[in-house]
Amino acid sequence: EWNQITASAAFGTNKEEILRGFIRQVRTEYPNDPGAVKVIIEVQDESFQLDRQQRRQSWGTTDVPVTDQQILQEVVGRYSGLSPVPGCGSGQSGIVGENQNGTDIQWLKKRAEENGYELIFREGSVYFRVHATIDTAALGSKLKLRSGMTGDLVVATRETGKIILVPKQFV
């Protein structure tokens, strides 16, 4: 547990990263049918490392107010392998006396919500920006792959934040 993992899928000669994150739990299931044994690996994206420690901090003072972009830079800067994407939204400015009393991911989600932003972790980059719309028709087979197959393994659940990889023949 807590080991880093990267899941990728190959499309011919192209390889695309699907998820980069951490192993939360590894467990096995041994049903009566020996051919139906499963190894289940629960993983979470890179935001997992921001959800490990409670933090109490006051952001901004009357003399030195801060912006959401400064908050993002400082929070993300605490974690190796992560960096904000250039051109992230600037969010609010003149922040004084905003109190964080929770994990860093809870705090960033709150800041994103207050700005009408999305907060996305992808391939070591942190996106803090206005909600983007996705043309699902243009994604075609990539969309099917992300919600279903990864090579010889199948992603059984994704909506819960858990990814379960099992051989195709058992799904």
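Is Phe 22 buried or exposed, and at what relative accessibility? In this predicted model, Phe 22 has 6% relative accessibility, so Phe 22 counts as buried. The cut-off for buried is under 20%.

**Aromatic pairs**

Three aromatic pairs turn up in a search of the whole structure. Two of them are set out here, including the pair made by Phe 22.

| Pair | Centre to centre | Angle between planes | Class |
|---|---|---|---|
| Phe 22 and Phe 48 | 6.2 Å | 50 degrees | tilted |
| Trp 59 and Trp 107 | 6.4 Å | 10 degrees | stacked |

Phe 22 belongs to strand 2, while Phe 48 sits in the loop between strand 3 and strand 4 (54–59). The pair therefore ties together parts that are 26 residues apart in sequence. Phe 48 also has 6% relative accessibility, so Phe 48 counts as buried.

The tryptophan pair links other elements. Trp 59 lies in strand 4 and Trp 107 in helix 2 (residues 104–115), so this pair ties together parts that are 48 residues apart in sequence. Both Trp 59 and Trp 107 are buried.

Strand 2 (residues 14–29) pairs with strand 1 over eight bridges, in the antiparallel sense. Within the sheet, Ser 8 stands opposite Glu 17 of strand 2.

Conventions
Residues are numbered from 1 along each chain as its sequence is written. This is a predicted model: local features need pLDDT of at least 70, side-chain atom pairs count only at pLDDT 80 or more; totals for chains, interfaces and linings use all residues. Side-chain values use heavy atoms; hydrogens and water are left out. Two strands pair if DSSP finds at least two bridges between them. Helices (H or I, at least four residues) and strands (E, at least two) are DSSP runs, numbered from the N terminus. Rings of Phe, Tyr and Trp (its six-membered ring) pair if their centres lie within 6.5 Å; planes under 30 degrees apart count as stacked, over 60 as edge-to-face and the rest as tilted. Buried means under 20% relative accessible area, exposed over 50%, partly exposed in between (1.4 Å probe, protein chains only).
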